[in-house]
Structure formats: C-alpha cells, structure tokens
Amino acid sequence: MEEPYQYRDRIVVKNPDKEFRLGEGRVSGYLSATLGILSLLAVFAYLYPSLLTTTELRQLYDAEKLQIVLKYAMYASLILGALAFFKNNGRYKLHGLTGICFTLVAFSLGGYSIPVGPVEPRKLSIGVDWLILAFLGSIVIFLTLEKLFPKYKDQLILRPEWGVDLFYFAFNHLAISAIIIFANYHVSHFDWAISASAQDFIGSVPLPIQFLVIVICADFVLYWEHRAYHEFKTLWPIHAVHHSIENIDWLAGSRGHFIQVFSERAMVMVPLYLLGVGQDALNLYVTFAALQAVLIHCNLGLSFGPLKYVLVTPQFHHWHHSSEKPAIDTNYSAHTPLFDWLFNTYHFPKDHWPAEYGTTQRLPRSVISQTIHPMKVWLRPFRQPKD
Ligand SMILES: [Zn+2]
Ligand SMILES: [Zn+2]
C-alpha cells in the first residue's frame, strides 16, 4: 500500500528589517510615494479622460466627487513625504522625496481642480481609472484582511518579486478595454448558439437564481479552460507563468501571461452571453468574480467554516498553487469546488496548507522573460544543436 503523504508546515522566515513599523519613516515614505504616483496618474486621467479612462467604469463613479479624495491624497502625500524626509535616520528620504515630487508635478498640471466635462467615448482606451480604483480598493479590502487574519504573519507586504506582480496588476487593469473588445469579438462567433426561449426563461427567474446559474455555468467553462491549460503540453507554458508565484498574497494572483488573461475573459464571456441574463445579475457576478479571484490568493488564514465546501477559498486555491506531489493538477475551479469534486480533481486536506508553492521546473523571474517563456518552449525542438 502507498504511504500517506507527509504534509509539512510552510516556513516563512521573519525579516524584521523589511517589516513596516510605525515611527521609522518607512510607512510614511512608502505611503507618500504611492499616493504621489497615484495622484499624478489620476491627474493625467482628468486631463485626458477619453484616452485614459474606461467607458464602462466611468458610468459607475462620480468624477467630481473623486476629486475630493484626490485632494486629500495629494496633501497626505506631501505631509507624509515631509515626515519621511525629516526623520532622523533618513533611510526613507528618497521615498518621501519621490512622493513630494510626483505630487508637486500633479499640482502643477492642475491638481484636483481640473474641470470635469462630458467625455467622448472611445472604443480602445487605457484603464488608468480602473487601475487606481482597483489598487486602492484592494489595499483597503484585501491587505486589511491579510493583516487582520494572516495565514503567515511573518510574510512581508513587500515580499520577494512584489514588483513583478505589481507590473502584472497594472497591465491587467490598464488593458481592460482591449480585453473587453477582444472578449466581445470572441463571443460574436457564438450567435448561432443563442436560444431566445432559454434566454426568456432565465430572464424571468428571480435575481439570486440568475446569479447562481451564471456562477455554475461560468465555473464549468473556467474549470475546463483551466484544466486544458494544465493538461495540454502546448498550453501549459502560458499558464505556468501564473504558477511561477512562490509567495502568494492578494497581489500575486495578478501574475499571468497576457494570452491567458485575454483568453480567460473571452471564454467566460461565452456562457454570460448565451444565458442572456439581466444587467443586475451580470453586475453582481462580475463583482463577485473579481473579488473572489483576488481573495483566493490572499495570505488569509480564515477557515470559512462550512462555506469552504461551497466556495473556492484561499486554502483551496493555495493547494492549486502547490508544487507538492498530491496537489499537482488539482483544484481547477474558480468559484465553487463542485466540478473538481465531480471530475475527480479535488484535493483539500482541511488541516493542512501547502509547504511549497511554484512550478516543479522553475520559470525565469522577470516579466519579459516570462512573457517570452512559452515561445521559447514551443521553439525548443527546433533549436536542438545538431551533432
Ligand atoms: Zn492552474
Ligand atoms: Zn491562482
């Protein structure tokens, strides 16, 4: 009989030198720099809204009210920058100075009082507004949750490779309108599959049922798409980029090859399009899916009680990211563990978390080398030296 797998605890080494602690100038330095950069980005979005904001998102916020938030962010960046700059040890002078400089440039370009007028809609734009709002929202929701209920309390906020993941986060949000255009183009090929009577029926059921139907149909598509990325040799090098993360937190989930990012959104649009559900149910699903996608990567030790049997939770998805033998090619579901359970890919030892994350063969570590990684793998048979 095969020996049962020996689960181990993950070791996270404490690094007090890189922790955020009040009173050292580090918190104020980083906050000032972050707010300064975001403020300047926001000012550009106010100056060129047609090019730098997202048509779909613009209808959901009040640009004038957000200028009040911008005002406080700009003053906070200046004050925190000055605090970091004049702190005795001066270790974070440069961070403070960066925040102050970015904010001063933002002020010189019009700051928080740029007039807001009607915006000419553009099909293809850069989602600077989506980037800023998603970043701030993620910090408020997910970073707070991670600090309140961490699985690994010694895991740093600025853990190794945070810059790589931040780049992916920025790209995925800035490219939102290109992703939507591609997904709409993709679903237009499925007109032949639309059934007016089925759509009428779905449109007539109560909102919670519509939502449930979307979650299950979308998860079915996401399950098989995800499984294909794992099981087809040609597709794996693309998806391996997402699996190259070795420190998992709210930001790490953003890491993904652009081909995967585009194809995943395009595929999940198909059931949504065919079901023809109402706008309210659709908005509810998109919000739920976006929040859950970040949540399941979080460094979050909550057990979720009985909810863990119906929803994909951080512990369940962390197992998907493990490089330990029993966890490889398991837990593909995105919303509910149902399809993993049905199709025999369910791996959820409830009392354990992975000890190792990542791929069995380590991927290159920079964004550029990860982006060209699939091409390199595909071309490998042609590059074998002749003997
Ligand atoms: Zn995967
Ligand atoms: Zn993941």
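This is a predicted model: local features need pLDDT of at least 70, side-chain atom pairs count only at pLDDT 80 or more; totals for chains, interfaces and linings use all residues.
The protein falls into two domains, with domain 1 covering residues 22–124 and domain 2 covering residues 176–380. Taken over C-alpha atoms, the centres of domain 1 and domain 2 are separated by 32 Å. Where the two domains touch, domain 1 contributes four residues and domain 2 contributes five residues. On the domain 1 side of this contact, the residues comprise one nonpolar, one polar and two charged.

In an unreviewed entry, UniProt lists residues 27–48, 68–87, 94–114, 126–145, 166–187 and 207–224 under "transmembrane region". Two of these spans can be followed in the model. Residues 27–48 are 95% helix and 0% strand, and 32 Å lies between the C-alpha atoms at the ends of the span. Residues 207–224 are 100% helix and 0% strand, with end C-alpha atoms 26 Å apart. The unreviewed UniProt entry also lists residues 211–345 as "domain: Fatty acid hydroxylase". In the model, this span is 56% helix and 0% strand, and its end C-alpha atoms lie 25 Å apart.

Helix H4 spans residues 63–86 and helix H5 spans residues 93–108; their axes come within 8 Å and cross at roughly 150 degrees. Angles over 145 degrees count as roughly antiparallel, and H4 and H5 are therefore roughly antiparallel to each other. Their crossing is left-handed. From H4, the residues in contact are Met74, Ser77, Leu78, Leu80, Gly81, Ala82, Ala84 and Phe85, and they meet Lys93, His95, Gly96, Leu97, Gly99, Ile100, Thr103, Ala106 and Phe107 of H5. By residue type, this contact holds ten nonpolar, six polar and one charged.

The second pair is H6 and H7. Helix H6 runs over residues 128–148 and helix H7 over residues 162–174, and the two axes come within 7 Å while crossing at roughly 130 degrees. H6 and H7 are therefore oblique to each other. The crossing of H6 and H7 is right-handed. Val128, Trp130, Leu131 and Ala134 form the H6 side of the contact, while Ala170, His173 and Leu174 form the H7 side. The residues of this contact divide into six nonpolar and one polar, with no charged residue.

Seen side by side, the two pairs read as follows: H4 and H5 are roughly antiparallel with a left-handed crossing, whereas H6 and H7 are oblique with a right-handed crossing.

How values were computed:
Residues are numbered from 1 along each chain as its sequence is written. Chains are lettered from A and ligands numbered from 1 in the order in which they are written. Domain bounds come from an automatic or database domain assignment. Two residues are in contact if their C-beta atoms, placed from the backbone, lie within 7 Å. Ala, Val, Leu, Ile, Met, Phe, Trp, Tyr, Cys and Pro count as nonpolar, Asp, Glu, Lys and Arg as charged, and the others, Gly among them, as polar. UniProt positions are given in the numbering used here, feature names are shortened, and annotations may be inferred rather than shown by experiment. Helices (H or I, at least four residues) and strands (E, at least two) are DSSP runs, numbered from the N terminus. Axes are lines fitted to C-alpha atoms, for helices over the stretch in contact, and angles run from 0 to 180 degrees between N-to-C directions. Angles under 35 degrees count as roughly parallel, over 145 as roughly antiparallel, 65 to 115 as roughly perpendicular and the rest as oblique. A crossing is left-handed if the near helix is turned anticlockwise from the far one by less than a right angle, and right-handed if clockwise.
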